Amino acid sequence: MESRKLHAAILSSPGMGHLVPVLELGKHLATNHGLEVTILVVATHSSPAESQLLDPSTAPKHLHILRLPPVDISSVVNPDIKVVSQLAIIMREARPAIRSVLSSMKQRPAMFIVDLFGNEAFGIADEFHMSKYLFVTSTAWFTALTLYCHVLDKEVEGQYADHKEPLRLPGCKPVRPEDVVDPMLDRNCQQYYEYLRVGFEYSMCDGILINTWEDLERISIKALQADETLRSVVKVPVYPVGPLTKPLEPAGPKSELLEWLDKQPSESVIYVSFGSGGTLSAEQTTELAWGLELSRQRFVWVLRPPKEDHADASFFTSGSGPDGTPEFLPDGFLTRTHKAGVVVPLWGPQLEILSHPSVGGFLSHCGWNSTLESLSNGVPMIAWPLYAEQRLNATMLAEELGVAVKSKVLPTKKVVRREEIEEMVRTVMESKHGRKEMRERAKELQKSGKNALSKGGSSYKSICDVIKECELRLRSHKI
């Protein structure tokens, strides 16, 4: 009989942005590192995309998925409460179910890994004498900012977004005030205090895993691991373990969309999607439609109905809902562009699209899952950040990594006009900078990300180090 080293439990909070990397981490631990893995999923709804991900028949051997009872917080919160506050409250309300599942396991996990909002369950890990680890499903730069924010809270007066100078982040690139994460935009809001507490509690675990890799974020990773000032806040080991992305599934019957892509020239199509949670206003949707049409480029646009003033309006619904696509597009748009483009309502097969040879660019909200999927396929981007930490991601992609362009104004501040959209699309799809330099850099990162997770690569070694450290703790009876 095969010998399994450890049993690990991984906790996922709601949202496709958390669930996808948690599942991929579990698969890597089970398949490539010999662990028995149980994934606990805290859910608030059941979208088709989420149900497909959680199908137990698709899980590899030694990976078990347990969906916890849905958590309903509607009776205890205001309907206008922000996403970060909702997630924190949901995870607090889920603690009895988490404790019950763990206590009923025949083989108690020695390793307990939680995602961004799973710090609410650290106390349960202590009750059951498990090593506890945090899995950050975003960047090292975001991790450093989150861990250091309670220091900035004491150092900076007034609203962060009103400051003229960048915010100092030891050992890392400073953060421009306009790039701060959503919870830092209003220091009087409940979600700011939730964010502060989450960041402070991150250092209470036994180690931090981050869905990034050394070649991608060398400076920020080095700061988290070695900068004296930042280490005084971080305190625990930091392990870059990415890029953990959903792999392309074996090809089945081709859809009409993929058949259409097959007929297009190599790297001639721009893919447009704002992830499972992002939405645009009606005015911005109109401008984007005109920009795509004026660019005269082939496109695939995953489109959902507009929402006013709520860029993250679909966060808890993962794009489910009614299809009313044509009625909010410019008159005649679908007729005029029917040969050049395809409009897909609500949801599209993103991995199949990004991996297709005809796709040469991605207009994206810069959610970290989508970013990694784009880079893992060597596809440059138009950065269109909407919420969460996406502004940080967009700045890194455009200014540090050189694999993206972004608009002159933040899309959440002003409407990006059709002329600028046309220019950005042409830059990525036609210009020398886009067609050569950005694509070459994206393909370099594609290769380095693959190498990082391969046996002997930097992220593979990091995962090995986490397992060894947990085994040492187990043997020395410290857990």
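Reader: What covers the buried residues of helix 14?

Author: The model is predicted, so local features need pLDDT of at least 70 and side-chain atom pairs count only at pLDDT 80 or more, while totals for chains, interfaces and linings use all residues. Residues are numbered from 1 along each chain as its sequence is written, and side-chain values use heavy atoms, with hydrogens and water left out. Helices (H or I, at least four residues) and strands (E, at least two) are DSSP runs numbered from the N terminus, and contact means heavy atoms within 4.5 Å. The cover of the buried residues of helix 14 includes helix 1 (16-31), helix 13 (350-354), strand 11 (359-364), strand 12 (381-383), helix 15 (390-400) and helix 17 (432-453).

Reader: Why is helix 14 described as largely enclosed by the rest of the structure?

Author: Buried means under 20% relative accessible area, exposed over 50%, and partly exposed in between (1.4 Å probe, protein chains only). Among the buried residues of helix 14 are Trp-368, Glu-373 and Leu-375. Helix 14 (residues 368-375) is largely enclosed because its buried residues number 8 of the 8.

Reader: How many residues does each domain give to the contact?

Author: The domain bounds come from an automatic or database domain assignment. That assignment gives domain 1 (7-246 + 455-477) and domain 2 (256-448). Taken over C-alpha atoms, their centres are separated by 27 Å. The contact takes 40 residues from domain 1 and 30 residues from domain 2.

Reader: Which element gives the largest share of the lining of the second largest pocket?

Author: On a 1 Å grid over the protein atoms alone, a cavity is a set of points where a 1.4 Å probe fits but cannot get out, and a pocket is an open set with protein on both sides within 12 Å along at least five of seven lines; lining residues have an atom within 4 Å of a point. The second largest pocket is lined by 17 residues, and Pro-243, Thr-245, Lys-246, Pro-247 and Ser-376 lie nearest its centre. Helix 1 and helix 17 are the elements that give two or more residues to this lining. The largest share, 4 residues, comes from helix 17.

Reader: From which domains does the lining of the second largest pocket draw at least three residues each?

Author: Grid points are joined across faces, edges and corners, and a volume is the space filled by probe spheres set on the points. By that definition, the second largest pocket holds about 320 Å³ of space. At least three lining residues come from each of domain 1 and domain 2.

Reader: What is the omega of the peptide bond between Gly-242 and Pro-243?

Author: Pro-243 lies in the loop between strand 7 (238-240) and helix 10 (256-262). A cis peptide bond joins Gly-242 and Pro-243, with omega at about 0°.

Reader: Is Lys-235 buried or exposed?

Author: Lys-235 is found in the loop between helix 9 (228-234) and strand 7. This residue has a positive phi of about 70° although it is not a glycine. At 56% relative accessibility, Lys-235 counts as exposed.

Reader: Which strand gives the largest share of the lining of the largest cavity?

Author: The largest cavity has about 100 Å³ of space. Its lining residues include Phe-274, Trp-301 and Leu-346. The largest share, 3 residues, comes from strand 9 (residues 298-303).

Reader: How do the residues lining the second largest cavity divide by class?

Author: Ala, Val, Leu, Ile, Met, Phe, Trp, Tyr, Cys and Pro count as nonpolar, Asp, Glu, Lys and Arg as charged, and the others, Gly among them, as polar. Leu-29, Met-111 and Ile-463 are among the residues lining the second largest cavity. The division is 7 nonpolar, no polar and no charged.
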